[in-house]
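Subject: Structure handover

Hello,

The structure is below for you to take over. My notes on its pockets, cavities and surface follow.

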Amino acid sequence: MVKHQPLQVYEKQVFVSFVTGIYGCRWKRYQRSQDDSSRWECIWFVILCSSFLLLLFWAYFWLVAQNDFNEFNWLVYNRSGEWRDETIPILTSTTVGFSYITFLLILALFHISLGQQLNLYWVHKIGVLATLLTTISGIVSVDDIWGDEWDILLLSLQSTAPFLHIGALVTVTAISWLVAGYVVRRERSNFQVMMLLIYMVILLAVYLAPLTFTCPCIMDRHSLRPRPDIIGRRGAPMMAPENTMVSFNRALQYGASSLEADVTISVDGVPFLMRDRTLKRTTDIRKVFPVRQYDDASFFNWTEIRSLNAGQWFLESDPYWTVETLTARDRSRIGNQTVCSLVEMLRLAARANSSALLNVRRPPPEHPHYRSWFMDTLWAVQKAGIAQKRVRTVTWTPDTDRGRVRGLPQTANEKLSVEEMRQRGITSLTLHYSKASHKDLQEYLANNVSVTVYPVNEPWLYSILWCSGVPSVSSDAPQVLRKVPYPIWLMSQNAFDFIWITSDLVSLAVVIGIFSFQKWRMRGMQNYNPEQIMLSAVARRSSREVNIMKEKLIFSELNNGLSSTEELCLYPENGYATYTHGDLSH
């Protein structure tokens, strides 16, 4: 009887099994390989990286687009006719998809770091393709419905660029470990050189990116202008139904210095407040006048309009997820709201010593007050007893009709040159934030032009405009902006330059250190003598620390090299594999 000799003993590799098992469903050691990945699997890795970058862009877009969620839902409502919060399924699917793709990408990077062959499981391939196609279809749909919103991406970089730069530095520095491990191999190829050149170009671009930044908040704090006034856009529509008395009262309570409202003229000449063309969304017209729910709001008389409830819809639809924060008294008051007239809103503004900004919609041509709408508006201002200089109007009419509203300060909702404003007799501008560039704002301010920017609902956007010197902003969220007593961040040019140069130098030192270490490690591996490896030395360890390797290769070799009487025997109790031939054991 010959003493059994071990064929091979392996340590457990739990982490490697976890990585390869989830990524490629290769849980067993014999299923894994350290050979180079196939070209097909490399293509799937590129697809995975592309999906991650696209989802990163998509997630960032929706992060900064929170400022305009209500605008998005309103656009969808105008197309579908039904009010739903369409942002919820989009945000949910984006979060799930981004988390899934990020997890797979991390596993793929671990494969590369551990020297394992990439082999994405077919289920994951379907998941990656489904996520990629869903994201692409979402981008196409948003471009069709909400194409103007892409402008917020460039604007947001004025606030986030310095922080994104730090994140990009950390990322490219960490990736240097993988790049160095690949390019310092003994075998040199053109692909390795190309990868190194691409990485160096990306690294240089990240290092020099701050040269392109335009951040208004990189300034001397002594040059900071006063805090912009907040205009309650339709009151405080996140806390109460838009364009109602309770909403305007809430806006004043939250510190709004002015009130903004949408004005429509009724069929009997009474100016009232309504944003939509119809009364369907913000009243109970379906119950009171079901046959007329799609009619233009201006073709109802004031008695009919006043009979509608304008608050119950807010409690039922909860468009801003704020109803739960309201007290029982607030809910009762909101539930009894009616459509507000222009006179009521202006009287409230007069009592609060506030001003008003009116977006007046001209009635359709067949309306009886088509030609006298401006006189009806002026009559309401005079009846309310508010000083005319404290009322500004933004009329949705051509310039030929703009001058008819005599006695009221005129403002334009389009970007004009200073010379054009003087020729048209316009004293101020009300601009969408996407049209208010930092350069234009500085020119307007230098010529003493008053500019109001809308809609401003997020602190980061409010901070940018504050640093730009904007005198006032129109907001759906005065309760949020009142909690911003100072710009989110403010930094001098010298401090920014110091952080930028220091972070670049630290990153460069780390990258050089990683490449040097990887080269030293690879040289040590190349000089090591494989004959010094003694697998039998592992046998001195406890049986609890080792596990028998069950490779298909062993079975195939034994089956090919042994006779029919030879038998493979496994002894899990001692950690060895042996084979026998007849009565003789080896």
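A pocket, as used here, is an open set of grid points with protein on both sides within 12 Å along at least five of seven lines. The model is a predicted one.

Two or more lining residues come from each of helix 3 (69–80), helix 5 (122–146), strand 3 (258–265) and strand 8 (428–432). Helix 3 gives the largest share, three residues. Sorted by class, the lining of this pocket holds eleven charged, nine nonpolar and six polar residues.

The largest cavity has a volume of about 70 Å³. Its lining includes Glu-242, Arg-275, Trp-313 and Cys-340. By class, six residues lining the largest cavity are nonpolar, four are polar and two are charged.

On the surface, a nonpolar patch is formed by Phe-15, Phe-18, Phe-103, Ile-106, Phe-110 and Leu-114, which together have about 510 Å² of accessible area. Helix 1 (14–24) and helix 4 (87–114) each supply at least two of the patch residues, with the largest share, four residues, coming from helix 4. Phe-18 lies in helix 1. Phe-18 counts as partly exposed because its relative accessibility is 38%, and that class runs between 20% and 50%.

Regards

Methods:
Residues are numbered from 1 along each chain as its sequence is written. This is a predicted model: local features need pLDDT of at least 70, side-chain atom pairs count only at pLDDT 80 or more; totals for chains, interfaces and linings use all residues. Side-chain values use heavy atoms; hydrogens and water are left out. On a 1 Å grid over the protein atoms alone, a cavity is a set of points where a 1.4 Å probe fits but cannot get out, and a pocket is an open set with protein on both sides within 12 Å along at least five of seven lines; lining residues have an atom within 4 Å of a point. Grid points are joined across faces, edges and corners, and a volume is the space filled by probe spheres set on the points. Ala, Val, Leu, Ile, Met, Phe, Trp, Tyr, Cys and Pro count as nonpolar, Asp, Glu, Lys and Arg as charged, and the others, Gly among them, as polar. Patches are made of residues with over 30% relative accessible area and no salt bridge: like charges are joined within 9 Å, nonpolar side chains (Val, Leu, Ile, Met, Phe, Trp, Tyr) within 5 Å. Accessible areas come from the Shrake-Rupley method with a 1.4 Å probe; for residues, only the protein chains shown count as cover. A salt bridge is a side-chain nitrogen of Lys or Arg within 4 Å of a carboxyl oxygen of Asp or Glu. Buried means under 20% relative accessible area, exposed over 50%, partly exposed in between (1.4 Å probe, protein chains only).
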